[in-house]
Amino acid sequence: MQEQIARNKRRTFLMLLGFVVLITLVATAIVLLFGGGWVGIVIAFVIAMGLAWGSYYNSDKIAIKASRAVPADETEYRRYHNLVEGLCIAAGLPKPKLFVVNDPAPNAFATGRNPKHSAVAVTTGLLEKMNRVELEGVLAHELSHVKNYDILVTTVAVTAIGTIALISDIGLRFAFWGGLSGRRDNNGDSGPIGVVIAIASLAVLMLAPFAGYLMQMAMSRNREYLADASGVQLTRYPPGLISALEKLKDDKAVVHNATKATAQMWIEEPLETNPDKPGSKFNNLFDTHPPLEDRIKRLQEM
Amino acid sequence: MAAVIVIVVIVVVIGLFFWLGFNGLVKRRNQVDNAWSQIDVQLKRRHDLIPNLVETVKGYAAHERGTFEAVTAARANAINAQGPEAQAQAENVLSGALKSLFAVAEAYPDLKANQNFLNLQEELTSAEDRIAYARQFFNDAVLSYNTKIQQFPTVLIAGMFHFEKRAFFDAAPEDTETPQVQF
């Protein structure tokens, strides 16, 4: 269990490093193509950061509104409240605000910029279909997202992607609309090396957003594995979460109020997925969540 | 000139090391103390739930006197116990008495359908969970603290300022026996 947690945290660090490398590549491409453009790069970064961190700061409220969650009444949802309170004692966390989403599809999410401003929501479907230990396993997973500051990690990733996308987009527009024609390198001649550099830089600008997106998906999957492992560390009872994931595997229903933007936060992929599509291994790169079988296998190995 | 700068930097680094190291140890030790009190809070919460439970069960199973008296006596003992070992023992006895009470309730379908009883059952189950989690959290806090005072370089600060190792919470010997279920 500890090794899995440590390994996942290392992977996150490496992925964040990857984002830094990608941003550097993109910035270098811009500078090589236009012999400058630092102001543009900084502006892109500021815009991306402003957008991402605006939503980060209010992440608890935004996510709740987007999924039409309502506060969970303490008397009506006594077990839900009791389970979360117990887990918060185990984790040393303050109790998040609890919400319910009226939807038959079993699912849950956690959000909030830090443990003090966090929120957890479950669907009515989840409450009906899971027994006590399974529900506890799911809630432990969600609380682990809060404890591991996953919203912060995701926001950092989204800021990086946003910066890359903005820089690449504007850079490519400038390049194709005439920024390149008058370019000379330092020696005053635009020989074959200059052309190669120009083409390489254009390639970086075109591919970087896509690469960044794949990296973000990889990191999202990594954080899901981490939340599974951390959750089990709280309950010290892997069979609870395993049983819940097995039930989720057999339940093909889809959450109504989920969109591509909010898909990341739920405990399992809320949107329609078809496992029988051809080329499924390639498609998995675009999933925010790892396949349920793999998650179950990792938990069983603990 | 350069030598002075080097010395200043070294002094600052050592100062930072002491400052951060000492504060880290203080934080962890306080965490351990807080976690210990948490256990007491959860135990008391369970104590407070019991009278209501006993009354509800009496309403349906009045002649199970032996079981009620066992629970009431165990609760009184647990409240009055002094010292960690005696307390832990008394709480274990209380847990056992409660298990018997719920086992007895199984034979009374009217009781099992009573909403009040079901609510109390949920509350007591979660009270037991919370006690277990509080003890788990205490042990986690002790582990973190003990590890830090043994690791280099914080071990030096720990020695200088008398930070001492703490003991884990251990389940009492009765707990590790398999409970006997009689029908």
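**Notebook: helix packing and contacts in a predicted model**

Helices here are DSSP runs of H or I with at least four residues, numbered from the N terminus. This is a predicted model, in which local features need pLDDT of at least 70, side-chain atom pairs count only at pLDDT 80 or more, and totals for chains, interfaces and linings use all residues. Residues are numbered from 1 along each chain as its sequence is written, and chains are lettered from A in the order in which they are written.

I then noted that helix 1 (residues 2-34) and helix 8 (residues 192-235) of chain A pack at about 165 degrees with axes 9 Å apart, the axes being lines fitted to C-alpha atoms over the stretch in contact and the angles running from 0 to 180 degrees between N-to-C directions. Helix 1 and helix 8 of chain A are therefore roughly antiparallel (angles over 145 degrees).

I next checked confidence: chain A has a mean pLDDT of 81, with 85% of its residues at 70 or more (pLDDT is the predictor's confidence in each residue, from 0 to 100). Within chain A, the mean is lowest in helix 10 (residues 280-283), at 51, and highest in helix 4 (residues 78-91), at 95.

Last, I looked at the chain interface, where nine residues of chain B are in contact with nine of chain A (C-beta atoms, placed from the backbone, within 7 Å). Helix 5 (residues 115-150) of chain B supplies the largest share of chain B's side, eight residues.

Terms used:
Contact = placed C-beta atoms within 7 Å. Helix = DSSP H or I, 4+ residues; strand = E, 2+ residues; numbered from the N terminus. Parallel < 35°, antiparallel > 145°, perpendicular 65-115°, else oblique.
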